[in-house]
Amino acid sequence: MKLSQFFSVRSHVSKDEIQGEIPSDKEIYKKTLGVAWPSTLEAVLISLISSVDMIMVGSIGADAIASVGITNQPKFIILAVILSLNVGVTVVVSRRKGEQDKEAANRCLRQALMICIGAALVLSIAGIIWAKDILYLAGANDEYVDMAATYFKLIMVGNIFYSMSLTINAAQKGCGNTKISMRTNLTANVVNLIFNFLLINGIGFFPKLGVAGAAIATSLGNIVACVMSFMSLRHQDEFLHFSLHQSWRFDKKTLHDLYFITSSSFVEQVFMRIGFFLYSKTVATLGTIAFATHQVCMNIINLSFSFGDGLSVATSSLVGQSLGAKRKDMAKIYSTSTQKLGKVAAVLVGTFLIVCRYQILGLFTNDPIIIQTGGNIVFIIVLTVVFQITQVITFGCLRSAGDVKFTAMISLISVTAVRPVLTYLLAFPLGLGLIGAWLSLFLDQLIRYFASRMRYRKGNWVNLKV
């Protein structure tokens, strides 16, 4: 296949489906990349926040790596409400942007922000109160649970600000303003990096706080990002604008629109987080060194996944706006363009990981056992990324169209049921240990890839109403 044929997207829409003027392939990719590169970079930066913490505490030892890593799944379970709400925000705002209904888009943002603040306060306080109990449930052991509990409590403080920033940025993404999220997360990473260096090591007059210092640095970065997100809403001439003088009352129409998407997305998030939680808990029973190796490799795969996540955001924005503007043909074209870019990203990322695997692992730790075992797992990561990036882009397309019940069902089957069961069987009865756990992750991604592609190709998603 010629390169020009591979990148052709106009040919994926038949003459009968065309509803208006179709831009050239060059113009389509220019617009797609304009939305995609900031959201992709943002997704990488979000992944880097946790990676930077793990890299910089890695010098303390395997216990420190495990204590930071064990908090990931409990953190995301607590964030499940906010993340599912934000899926609804992006979808609804993108549709209203396509319809050029500025008032409805801003009303959606205001009401979502109130829900976000209330939920984040309640959930973060609960996380602080029951931190140690939650971490024991996640599989933490007595070797590092106190260190992990301190880290978890401190990041829960920053979680309140992080949640508000996520909701505002979700609305901006719906409008295609992906550069705003990118800037806030870039700044948050810089703040996190600086204060990690100062507080973990005790530089100058700053105290040496170790793992606790990493948590404080993350929270400070989240606070800065939150302030910047609110500042992005101050311009009255922008599509999204924040004002205390606007109506903050809840109304049935807006809540119904949000509920339609958010409820199914919440079910999906819950299923996913339970599955991830059980997966992490099972791996934690393999021992501190194995779990530390697992957490280092999870940071590597999360960085790889972020390319798919960023392109998925672009898909959600462009597809949602196209469907809101009654252009089903352009929705298909933009979804195709992001998928093709995803395939290119998968090849480039996979090649980089294989060539530089030991150098990347060396950033996290100098433990030879972790580096050697992690080097073997990277090959499974590369094979997984090939399917995962396309899968997550396709899921983003289906969600933006409103096909959220299907994505929730697949998450229930694949993440909540298949992955934990396979992890146990491969790791223990079959004796594959940590390698078995990673093979189960690959099989989970493979199932979601084929299921999402079959659903997408049926084409019914373009006819859904939001």
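So, I333: leaving out neighbours within four places in sequence, I333 is in contact with V9, V13, I22 and I28, where contact means heavy atoms within 4.5 Å. I333 lies in helix α12, residues 328–355, helices being DSSP runs of H or I, at least four residues, numbered from the N terminus. At 0% relative accessibility, I333 counts as buried; the cut-offs are under 20% relative accessible area for buried, over 50% for exposed, and partly exposed in between, with a 1.4 Å probe and protein chains only.

Quick caveat: this is a predicted model, where local features need pLDDT of at least 70, side-chain atom pairs count only at pLDDT 80 or more, and totals for chains, interfaces and linings use all residues. Numbering runs from 1 along each chain as its sequence is written, and side-chain values use heavy atoms, with hydrogens and water left out.

Okay, F428. F428 sits in the loop between α15 (404–427) and α16 (433–458). F428 is partly exposed, at 35% relative accessibility, and touches T282, T285 and L286, not counting residues up to four places away in sequence.

Now the rings. The structure holds seven aromatic pairs, meaning Phe, Tyr or Trp rings (six-membered ring for Trp) with centres within 6.5 Å; planes under 30 degrees apart are stacked, over 60 edge-to-face, the rest tilted. One of them is F387 with F442, edge-to-face at 6.1 Å centre to centre and 65 degrees between the planes. F387 is in helix α14 (residues 368–401) and F442 in helix α16, so this pair ties together parts 55 residues apart in sequence. And F387, F442, Y449 and F450 form one aromatic cluster.

Definitions and conventions. Helix = DSSP H or I, 4+ residues; strand = E, 2+ residues; numbered from the N terminus.
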